[in-house]
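My notes follow in the order in which I looked.

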Amino acid sequence: MRSINPLASWRWCLLAVLAVGCAHSSTGTSAAPTAASSEAPRTDANHAEARELADKMFGPEAQATKRKQEKVRRLMALTGAEDTGQQMLDLMTSHFEQMSTSVPPGFLEKFREVARQESIVDMLVPVYMKHFTEEDLDAAIAFHESPAGKRFLAAQPRVMEEAKEVGEKWGVQLAEKTLRALAEEARQAQPARHDGQQL
């Protein structure tokens, strides 16, 4: 038995309903010839609406949007967006666990259950769609699939870890310089003394 693609069958059902609706509106006027002329503009409007809806759902613009969405998801898969989302989820869960006295009973279990049904990728797709053109996506995908791009991605965890250490050292150095600068300003602000006498 031949399997039926549910999405394809749904599209055909929708088109069939639109066609039947348009046909019904045009045949319903045949019993009243005097009303045919007044019904014709409405029938034309129905056909135009049906064509517009079909274009939105299956036309070139819809196909271009779908193609771009697929490229966004491909790029996000290459760059590990899903893994990043899981890390964020783990951080949130850890935070809630530390607040165990503040959250209601059963919250953590339900939170994990709800999180399994949601995907941060789905929420990020529109963000990528907004800020990147299809040409940008093509170039980014090409880079991340190249040998250099794969090495770049593979090195990212080590780079981020070392960058974190560098950032911590930088912060300590800045704090020490700031303290020395404040001490120097305080020393210079003291009144000058000469032979034990204040000038």
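I count a residue as buried under 20% relative accessible area, as exposed over 50%, and as partly exposed in between. Phe 152 has 42% relative accessibility, so I put it down as partly exposed. The model is a predicted one.

Aromatic pairs. I searched the whole structure and found three aromatic pairs. I describe such a pair by the distance of the ring centres and the angle of the planes. For Tyr 128 and Phe 132, the ring centres are 5.7 Å apart and the planes stand at 45°, so I filed this pair as tilted. Phe 132 has a relative accessible area of 36% and is partly exposed. For Phe 143 and Phe 152, the centres are 5.9 Å apart and the planes are at 65°. Planes over 60 degrees apart count as edge-to-face, so that is the class of the pair Phe 143 and Phe 152. Phe 143, at 36% relative accessibility, is partly exposed.

Helix 7. I checked the length of helix 7, which runs over residues 134-145. Its 12 residues should span 16 Å at 1.5 Å a residue, and the end C-alpha atoms are 16 Å apart, which agrees. Which residues of helix 7 are buried? I noted Glu 134, Leu 137, Ile 141 and His 144. They cover an arc of only 95° around the axis, so they sit on the same side of helix 7. An α-helix has 3.6 residues a turn, so residues three or four places apart point the same way.

Largest pocket. I read its volume as about 280 Å³. The lining has 14 residues, and Leu 89, Ala 115, Glu 118, Ser 119 and Ile 120 lie nearest the centre. Helix 4 (81-98), helix 5 (107-117) and helix 6 (120-131) each give at least two residues to this lining. Helix 4 has the largest share, with six residues. Sorted by class, the lining holds eight nonpolar, three polar and three charged residues.

Second largest pocket. Its volume came out at about 210 Å³. I listed the lining as Leu 78, Thr 79, Gly 80, Asp 83, Thr 84, Gln 87, Leu 153, Gln 156 and Pro 157. Helix 3 (60-79), helix 4 and helix 8 (147-189) are the elements that give two or more residues to it.

Terms used: Residues are numbered from 1 along each chain as its sequence is written. This is a predicted model: local features need pLDDT of at least 70, side-chain atom pairs count only at pLDDT 80 or more; totals for chains, interfaces and linings use all residues. Side-chain values use heavy atoms; hydrogens and water are left out. Helices (H or I, at least four residues) and strands (E, at least two) are DSSP runs, numbered from the N terminus. The expected span of a helix is 1.5 Å times one less than its number of residues. Buried means under 20% relative accessible area, exposed over 50%, partly exposed in between (1.4 Å probe, protein chains only). The arc is that of the directions from the helix axis to the C-beta atoms. On a 1 Å grid over the protein atoms alone, a cavity is a set of points where a 1.4 Å probe fits but cannot get out, and a pocket is an open set with protein on both sides within 12 Å along at least five of seven lines; lining residues have an atom within 4 Å of a point. Grid points are joined across faces, edges and corners, and a volume is the space filled by probe spheres set on the points. Ala, Val, Leu, Ile, Met, Phe, Trp, Tyr, Cys and Pro count as nonpolar, Asp, Glu, Lys and Arg as charged, and the others, Gly among them, as polar. Rings of Phe, Tyr and Trp (its six-membered ring) pair if their centres lie within 6.5 Å; planes under 30 degrees apart count as stacked, over 60 as edge-to-face and the rest as tilted.
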